[in-house]
Amino acid sequence: MFNVAGERFRIIWPAIARFAILAALCAGAGWLFGARIGLWLAVASLAVLYLGQLFYVAALGNWLERPSLATIPNGIGAWGEVFARLYRQHRASEIAHQRLIDNEERFRRTISALPDGIILIDASLQIEWCNPVAERHLGVSLKRDQGLRLTNLVRDPAFVEYMTAGRFEQPLLFTPLSLPGATLSLVVVEFEPARSIVLTRDITQSERVDAIRRDFVGNVSHELRTPLTVIKGFLEAFIDGGSDLGPTRLHHLTLMYEQADRMHRLVEDLLTLSRLESQQGPDVEEEVDAAQLVSEVADEARTLSAGRHRISVEVQKLKLRGGRDEMRSAYGNLVSNAVRYTPVGGHIALRCVEQDGGVALQVRDTGIGVAQEHIPRLTERFYRVDKSRSRETGGTGLGLAIVKHVLIRHQARLDIQSEIGHGSLFSAWFPPSRRISSVGEREAA
């Protein structure tokens, strides 16, 4: 506070000094030439000072209308200090502004050099800015289309539905009309209440590599199926007629048959997974009684458990639209895993319930549980939390991968909650778009 007051006094001190000198001169003139002369001289002096102030105020007002370093007025006394400060502040402001422009331009050049497309849109999906890669990916132009609605420019049905739905948990894979034969991955990141960033990436090459891998796995699995079937058949025949083989050789043949059967199941799972990955949606779209599906899988679970577990069922009368065989396969994998990894005497609960407007097929068990660090990777192919235990239970390591792809084909998701020693909850949630409302629900709506 003291510094501010002292600075102000320093600025106005010259004006006070000049005013005091002028007052002394006027007083001296009055003493020498009479009071009237001194008074007129004082009035004239004040008029001159007032006109000077008006001149500087007018000059400041004219400059404020079009501020520029080149046109800042000159002044004397306090006005000289004022104009000097204006000059320094305006110069600092111009330097900061230019630095901001340079940083923004550098930022834009950096974004433009990225291999991914970037589009900045507002809450109405109108384009505010985009880089050249996004222009090439989606066939838009910043110069021509700035301020226009993005969904009016990119007319791909999958893209329009994705952007207008506002659910951006999963990326969108689609082939844009502007790039025939290419596959784009599109992600929307909401970074402000009224702004979002649309990120596009060309994944054509990686998709081709994945397709080659899927074809290779599918072809190899298909070629292995026939010889494995033959080997299993002969081994089974030897075992059935093994009364003359002796206990040692019979034991060896039994082990061979078990391993051949395990390999056969692995090949079948690989073929199933390859088929699921090669198609975007379910093979058929039919009405599925979810409650009945859960009850059927519960019967299979009781057979697999052979009385070692307590199995309960809780169902609501709900129906889904999709592929019944695929849904049953996915839910069956979840239930069979619960049976395999729940100790004898444990409880397995199967549920079919309404959740968030959709349908959830749930499996809760009191099994060994899964550590949190393993949960994100459970749906990877051949990922095993405990390799030795997985071999003992006879799993192929592909069950949850099949579940994941079945759910993806039905726009569903798999939620996993688990804790070591306290069991797990696996929930296959199907969105409201997959739920078929009953007659009563439609009438109430």
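A residue counts as buried when its relative accessible area is under 20%, as exposed when over 50%, and as partly exposed in between, using a 1.4 Å probe and protein chains only. With that in hand, let's look at this predicted model, in which local features need pLDDT of at least 70, side-chain atom pairs count only at pLDDT 80 or more, and totals for chains, interfaces and linings use all residues. Residues are numbered from 1 along each chain as its sequence is written, and side-chain values use heavy atoms, with hydrogens and water left out.

**Confidence**

- The chain has a mean pLDDT (the predictor's confidence in each residue, from 0 to 100) of 81, and 90% of its residues reach 70 or more.
- Over residues 439-445, pLDDT stays under 50; for this stretch the model has 2 contacts (heavy atoms within 4.5 Å) beyond four places in sequence.

**T204 in helix α8**

- T204 belongs to helix α8, which covers residues 204-240; helices here are DSSP runs of H or I with at least four residues, strands are runs of E with at least two, and both are numbered from the N terminus.
- Is T204 buried or exposed? T204 counts as buried because its relative accessibility is 10%.
- The side chains of T204 and D202 are joined by a polar contact of 2.5 Å. Such a contact is a pair of N or O atoms within 3.5 Å; within protein, one must be able to donate a hydrogen and the other to accept it, and residues adjacent in sequence count only if both atoms are side-chain atoms.
- Beyond its neighbours within four places in sequence, T204 is in contact with G181, A182 and T183.

**Helix α13**

- Helix α13 spans residues 399-409 and is mostly covered, with 9 of its 11 residues buried.
- Among the buried residues of α13 are L400, I402, V403 and L407.
- The cover over these buried residues includes α9 (247-277), α11, β11 (413-418) and β12.
- Just after α13, Q411 has a positive phi of about 55 degrees.

**The lining of the largest cavity**

- Which residues line the largest cavity? They are M327, A330, Y331, L361, L407, A428 and F430. A cavity is a set of points on a 1 Å grid over the protein atoms alone where a 1.4 Å probe fits but cannot get out, and lining residues have an atom within 4 Å of a point.
- The largest share, 3 residues, comes from α11.

Definitions and conventions:
On a 1 Å grid over the protein atoms alone, a cavity is a set of points where a 1.4 Å probe fits but cannot get out, and a pocket is an open set with protein on both sides within 12 Å along at least five of seven lines; lining residues have an atom within 4 Å of a point.
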